[in-house]
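Below is a short note on the model you sent.

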Amino acid sequence: MAGRAPSSLFRRKRAVAGVAAGLASVLGAGVVAGCAVDGAASGGAGSAQRTKAAGVLLPTAGMRFDYQIGGGYTPPDGVRAVSRDREDEPAPGRYNVCYVNAFQTQPGALGWWQGTHPDLLLRDGEGELVIDEGWDEVLLDTSTAVRRARLAQIVGDWIDGCAESGFQAVEPDNLDSFERSKGKLTQDDNAAFAKVLAARAHSAGLAIGQKNTTDLLDRRAAIGFDFAVTEECAQFDECDAYADAYDDRVFAIEYEGEGEVGFEESCSAWGDRVSLVLRDLDVLPAGEKEYVFRTC
């Protein structure tokens, strides 16, 4: 989707203990150990709920949300849920969603893929790499069970890393890469890979969010998705579909200057159902000149 922004490629020290203690304070329920929190299901906005999978916490509808995949910073007042890049550290005391580019290469990472796993990069009929031109990212090849299994080893390690860092959930991006694959990938291919990633996330104690593409909403249960992270659902008139599918457990990002639907109008239409945030297109950290952050 045009609104998606690439995450940064930086590394920081992990702070698992601090995040766990802070989350316990926010949830106001027991002790966070392996992401299991007793009594969390009773909270309202700003809390999280425990799902049937032991130790996996779901976000609660109405949690004020910030999208920080372009670089972490102190969350604005009232923010109780944050999405950050997998190589960033979680925000202490918040419900943290880990951004993982699971279906395409990260900006700057193509050389690593070419050097270590060139056959996992999608190619067209002429052997040329299939590229998401909007973000200069090469699509990963999910077209066979063998390739999906090999990709799952790589991406699965990233998901495990999210859990080790202290995140509570993961959002695997570019689920909709089949739309940009020149016919080389299908919905079935990506759904099958997503199902493997969901199982890996749950085994690591993480909830997993469906990132975009209403085309796969009817498969959410079979795949194992727990909530949704959407970009520009108001612009594309999709917010109701996600909200209905996930009982309003939806983190929705709109981008400044994109489309014809203004943020005030989006808030009026959906602010009481989904957690809406307005960000600048590059999702810059606070303090940068073009930084934008608003919630309903």
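1. What is the order of the nine strands in the open sheet? The order is 3-4-5-8-9-10-11-12-13, and the pairing is mixed. Strands here are DSSP runs of E with at least two residues, helices are runs of H or I with at least four, and both are numbered from the N terminus. Two strands count as paired if DSSP finds at least two bridges between them.

2. On provenance: this is a predicted model, in which local features need pLDDT of at least 70 and side-chain atom pairs count only at pLDDT 80 or more, while totals for chains, interfaces and linings use all residues. Residues are numbered from 1 along each chain as its sequence is written, and side-chain values use heavy atoms, with hydrogens and water left out.

3. The edges of the sheet are strand 3 and strand 13. Each has a single partner strand, so one side of each is left without a neighbour in the sheet. Direction ignored, neighbouring strands are turned against each other by 25° on average. Axes are lines fitted to C-alpha atoms, for helices over the stretch in contact, and angles run from 0 to 180 degrees between N-to-C directions.

4. Within the sheet, strand 11 (residues 250-255) and strand 12 pair in the parallel sense, over five bridges.

5. Helix 3 touches strand 5 and strand 8, and its direction makes about 160° with that of strand 5. Helix 4 touches strand 8 and strand 9, and its direction makes about 150° with that of strand 9.

6. The model holds three disulfides, a disulfide being a pair of cysteine sulfur atoms within 2.5 Å. With bonded cysteines counted along the chain, the pattern is 1-2, 3-4, 5-6.

7. Cys98 and Cys162 are joined with an S to S distance of 2.0 Å. Cys98 sits in strand 5 (residues 95-101) and Cys162 in helix 3 (residues 145-165), so this link connects distant parts of the chain, 64 residues apart. The angle about the S-S bond is -55°, a left-handed link. Both Cys98 and Cys162 are buried, where buried means under 20% relative accessible area, exposed over 50%, and partly exposed in between (1.4 Å probe, protein chains only).

8. The disulfide between Cys233 and Cys239 also has sulfurs 2.0 Å apart. Its angle about the S-S bond is 85°, which makes it right-handed. Cys233 and Cys239 are both buried.

9. The remaining disulfide joins Cys267 to Cys296, S to S 2.0 Å. The link is left-handed, with -85° about the S-S bond. Cys267 counts as buried because its relative accessibility is 15%, whereas Cys296 is exposed at 51%.

10. A search of the whole structure returns 17 salt bridges, each defined by a side-chain nitrogen of Lys or Arg within 4 Å of a carboxyl oxygen of Asp or Glu. One of them pairs Arg279 with Asp66, the closest N and O atoms being 3.9 Å apart. Arg279 is in strand 12 (residues 275-279) and Asp66 in strand 3 (residues 65-68), so the pair ties together parts that are 213 residues apart in sequence. Both residues, Arg279 and Asp66, are buried.

11. Arg180 forms a salt bridge with Asp132, with 3.3 Å between the closest N and O atoms. Arg180 lies in the loop between strand 8 (169-173) and helix 4 (187-203) and Asp132 in strand 6 (residues 131-132), so parts 48 residues apart in sequence are tied together. Arg180 counts as buried at 19% relative accessibility, and Asp132 as buried at 7%.

12. Asp188 and Arg219 meet through their side chains in a salt bridge of 2.7 Å, N to O. Asp188 belongs to helix 4 and Arg219 to the loop between strand 9 (207-211) and helix 5 (220-223), 31 residues apart. Asp188 is partly exposed, with a relative accessible area of 47%, and Arg219 is partly exposed at 27%. Separately, salt bridges that share partners join Asp66, Arg279 and Asp280 into one network.

Note on methods: Contact means heavy atoms within 4.5 Å.
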